Amino acid sequence: MFRGWKLSVLGIIVVGITAAVAPQFGLIDYGRSISMFILFVLFIGALELMEHLRNRRKKDS
């Protein structure tokens, strides 16, 4: 299965496709869809950064 950054990229792709398709079905408007996608990408980026820093700290010890 996917781990690490591959899982993050897969999640971003899935959420991006959903953000593009959902407004076409009238589930949400485009502005809100895009802003939620941007927040998701920032959240995933923060998680990856925290994991990178944690792994770096473990190697230094």
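Predicted model: local features only at pLDDT ≥ 70, side-chain atom pairs only at ≥ 80, totals over all residues.
## Burial and the overall picture

A residue counts as buried here when its relative accessible area is under 20%, as exposed when that value is over 50%, and as partly exposed in between, using a 1.4 Å probe and protein chains only. Residues are numbered from 1 along each chain as its sequence is written, and side-chain values use heavy atoms, with hydrogens and water left out.

## Fold and dimensions

The protein chain has 2 helices and 0 strands; these are DSSP runs numbered from the N terminus, with helices being H or I of at least four residues and strands E of at least two. Along the principal axes, the C-alpha atoms fill a box of roughly 50 × 25 × 10 Å.

The radius of gyration of the protein chain is 15 Å, whereas a compact globule of 61 residues would come out near 10 Å. This radius is taken over C-alpha atoms, and the globule rule is 2.2 Å times the number of residues to the power 0.38.

## Surface and the nonpolar patch

Accessible areas come from the Shrake-Rupley method with a 1.4 Å probe; for residues, only the protein chains shown count as cover.

Trp5, Val9, Ile13, Ile17, Val21, Phe25 and Leu27 make a nonpolar surface patch of about 770 Å². Patch members have over 30% relative accessible area and no salt bridge, and nonpolar side chains (Val, Leu, Ile, Met, Phe, Trp, Tyr) are joined within 5 Å, like charges within 9 Å. A salt bridge means a side-chain nitrogen of Lys or Arg within 4 Å of a carboxyl oxygen of Asp or Glu. Trp5 sits in helix 1 and is exposed because its relative accessibility is 58%. Ile17 is also found in helix 1, and it counts as exposed at 51%.

## Where the helices meet

Ser8 belongs to helix 1, residues 5-21, and is buried because its relative accessible area is 13%. Beyond its neighbours within four places in sequence, Ser8 is in contact (heavy atoms within 4.5 Å) with Ile44 and Glu48.

Leu47 lies in helix 2, residues 30-60, and is partly exposed at 36%. Its C-alpha atom is 9.3 Å from that of Ser8, 39 residues apart along the chain.
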